Amino acid sequence: MYRAGIILSGCGKKDGTDITEAIMLFLALDRAGVETICMSIDKDQFEVVNHLEGSTQTSGQKRNMLIESARLARGGIVNLDGAEDIDFDILIIPGGKGVLKNLSTFMSEELEFRVNSAVQRTIVNSYLSGKPVGAMCSAVVLLAKSLENVANNLKITATGQSEEGRIAIERAGFSQRDCQKGEVCTDEENMIVTSPALSPDVDLEVVRSTAESMVKTLLTLLKKRGENPAN
């Protein structure tokens, strides 16, 4: 059985991982017969958002990213900090505003932002070892920054990204490709698959189609390499 490593950034579209994207991704992986290994970091979120009102909590409330991500993972979560040799065949990062808020310094340092060292190490090591890597929505910006000065001639989609996100991808030196909703952009040479950033009111069917396309394409790349499933 193949294994997919999933990097989560909390639980909630506005301050963590987009729950709908994560669930659709888990479902697509399950239907494809792929085991899911969820991972995160033991660190407080950048902020806590009241999803009912759409406002930032100002009462000093804090939530731990690893604990919040465990909500999505049904308790099964791996701490990336200090973890070595996590056994998976493909790596996927679902979207949500917490991707950049929590896994990088994007909110405070803008275009000069840095990716969390444990997260960047996982992405870079996966890429260098030839494992297919997928990024959904805002995670595409995180992927581009992580592979800056590591990958060459990377082709990724910036469709739907904010202006800041587009600029960050451009500054990383990678080619931007247009991509329709529900589809993915594939860089077969670099084993990278990216999807457009989706608007909050997008139909569930589009999210489902995106997740299934992501999983199908990553597995196709993996099988073309002739890789056997992880033990």
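"Exposed" is the word for a residue with over 50% relative accessible area, and "buried" is the word for one under 20%. Keep those two cut-offs handy for the close-ups below, which come from a predicted model.

**View 1. Asparagine 149 sits in a loop with a positive phi.** Its relative accessible area is 77%, so asparagine 149 counts as exposed. You'll find this residue in the loop between H6 and strand S8 (155-157).

View 2. Look for cysteine 137 in the loop between strand S7 (133-135) and H6.

**View 3. Helices H6 and H7 pack together.** How do you describe a pair like this? In general, two packed helices are described by the angle between their axes and the distance between the axes. For H6 (residues 139-147) and H7 (residues 163-171), the angle is about 25° and the axes are 9 Å apart. That angle makes H6 roughly parallel to H7, because anything under 35 degrees gets that label. The crossing of the two helices is left-handed. Zoom in on the contact and you'll see Val140, Val141 and Ala144 from H6 meeting Gly165, Ala168 and Ile169 from H7. Sorted by class, this contact has five nonpolar residues, one polar residue and no charged ones.

**View 4. Two phenylalanine rings make the one aromatic pair in the structure.** The partners are phenylalanine 106 and phenylalanine 113, with ring centres 5.1 Å apart. Their planes sit at 80°, so the pair is called edge-to-face, a label for planes over 60 degrees apart. Are these two residues buried or exposed? Phenylalanine 106 is buried at 12% relative accessibility, and phenylalanine 113 is buried too, at 1%.

**View 5. Helix H2 is largely enclosed by the rest of the structure.** Why say that about H2 (residues 65-72)? Six of its eight residues are buried, so the rest of the structure largely encloses this helix. The buried ones are Met65, Leu66, Glu68, Ser69, Ala70 and Leu72. What do they pack against? Their partners are helix H1 (19-31), strand S2 (35-40), strand S5 (78-79) and helix H3 (98-103).

Technical notes
Residues numbered from 1 in each chain as written. Predicted model: local features only at pLDDT ≥ 70, side-chain atom pairs only at ≥ 80, totals over all residues. Heavy atoms only, no water. Axes fitted to C-alpha atoms, helices over the stretch in contact; angles between N-to-C directions. Helix = DSSP H or I, 4+ residues; strand = E, 2+ residues; numbered from the N terminus. Parallel < 35°, antiparallel > 145°, perpendicular 65-115°, else oblique. Left-handed = near helix turned anticlockwise from the far one by under 90°. Contact = heavy atoms within 4.5 Å. Nonpolar A, V, L, I, M, F, W, Y, C, P; charged D, E, K, R; others polar. Phe/Tyr/Trp six-rings, centres within 6.5 Å; stacked < 30°, edge-to-face > 60°. Buried < 20%, exposed > 50% of the residue type's maximum accessible area, 1.4 Å probe, protein only.
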